[in-house]
Amino acid sequence: MRRIVVTSGKGGVGKTTVTATLGRKLAGIGRRVVLVDGDVGLNNLDVVTAVERRVVYDISDVLAGKCRAFQALVTDSESSMRILPSGKDSRLVTAQAFCDVVNSFADFDFVIIDCPAGIEQGFHRAVSAADEAIVVTTPSISAIRDADKVISLLRSYRLRDVSLVVNRVRADMLAKGEMLGASEIGALLHVPPIGVIPEDDLITVFQQLGRVPSEAKSEKAFGFLAENVERGGKEFHDIAVKRRLFGRRSR
Ligand SMILES: Nc1ncnc2c1ncn2[C@@H]1O[C@H](COP(=O)(O)OP(=O)(O)O)[C@@H](O)[C@H]1O
Ligand SMILES: [Mg+2]
């Protein structure tokens, strides 16, 4: 079982999107995947995976002894991936209890934990239960700065691996030098980028329906990310490089 936390510091950069889509891609290549919503109180993993109406139990019920952890799992609307919803009440969810629940999924290949924003208790709880971290940032300076803080904090945990996903990248702005590229961001943060996800209107439009169409331009990028996660690969497909090569060829 690999235990991966998806974190960022800053809210709204795409942690939940990356957690859900990476999970689906890994499930798509036959891996047994469970997503754990670590954002207790502000859950939205259940919405993004469209399982919200089928949720019977959540992590608080597991910890209150109302059900076993596997009984609380809900199957994703689009794949074989399972989801453990978070509860509204975080009082019972101590770091140790959270870790015990995560460890009860030993039969799965991947447990991916969606970390809450911030660097407080919820962050500690989610990171303590993981062996690997994926830090999500956008190319904005404020997100990069928060990612930097989170990366320094991650050094005090016993993590086997920390890698980076740069989300909401715009190829047109990259080409004009108006946005930092993934290699530059990786160099600034001293963490290798393993995924570069383009800004994709279809994510914004379709995500709340629980399904982003397979023709969405971000889908391929998420596929590359899943391959890297699966193989421990560190090379990434930079959107800007592809565009530059294309430009050269057409001249
Ligand atoms: N690559 C992307 N392109 C366009 N919109 C995105 C992308 N990634 C995330 N979003 C949107 O950004 C918002 C925040 O994403 P979310 O995954 O909920 O962030 P977080 O979990 O870090 O708070 C959501 O409305 C989501 O649909
Ligand atoms: Mg989120």
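**Strand pairing, helix packing and a ligand shell**

Ile4 stands opposite Glu132 in strand E6. That pairing is a handy place to start in this predicted model, since Ile4 also stands opposite Ile112 in strand E5. Both pairings involve strand E1. E1 runs from residue 2 to residue 7, and it is mostly covered, with 5 of its 6 residues buried. With E5 (residues 110-114), E1 pairs in the parallel sense over 5 bridges. With E6 (residues 132-137), the pairing of E1 is again in the parallel sense, this time over 4 bridges. As a rule, side chains in a regular strand alternate between the two faces of the sheet.

Next come the helices. A pair of packed helices is described by two things, the angle between their axes and the distance between those axes. Helix H1 packs against helix H10 (residues 217-231) at an angle of about 70°, and the two axes lie 9 Å apart. That angle makes H1 roughly perpendicular to H10. As for handedness, H1 and H10 make a right-handed crossing.

Helices H6 (residues 141-154) and H8 (residues 182-189) form another crossing pair, with axes that come within 10 Å and cross at roughly 40°. H6 and H8 are therefore oblique to each other, since an angle has to be under 35 degrees to count as roughly parallel and has to fall at 65 to 115 to count as roughly perpendicular. The crossing of H6 and H8 is right-handed.

H1 turns up again around ligand 1. The ligand has 18 residues around it, and those that come nearest are Gly14, Lys15, Thr16, Thr17 and Ile203. Three elements each supply at least two residues of this shell, namely helix H1 (15-28), strand E7 (161-169) and helix H9 (201-206). Of the contributors, H1 gives the most, with 3 residues. By residue type, the shell around ligand 1 splits into 10 polar, 4 nonpolar and 4 charged residues.

Finally, there is Gln96, which sits in helix H4 (residues 95-103). Gln96 has 11 other C-beta atoms within 10 Å, and a residue with 12 or fewer counts as exposed, so Gln96 is exposed.

Methods: Residues numbered from 1 in each chain as written. Chains lettered and ligands numbered in written order. Predicted model: local features only at pLDDT ≥ 70, side-chain atom pairs only at ≥ 80, totals over all residues. Buried ≥ 20, exposed ≤ 12 C-beta atoms within 10 Å, placed from the backbone. Near = placed C-beta within 6 Å. Nonpolar A, V, L, I, M, F, W, Y, C, P; charged D, E, K, R; others polar. Pairing = 2+ DSSP bridges. Axes fitted to C-alpha atoms, helices over the stretch in contact; angles between N-to-C directions. Parallel < 35°, antiparallel > 145°, perpendicular 65-115°, else oblique. Left-handed = near helix turned anticlockwise from the far one by under 90°.
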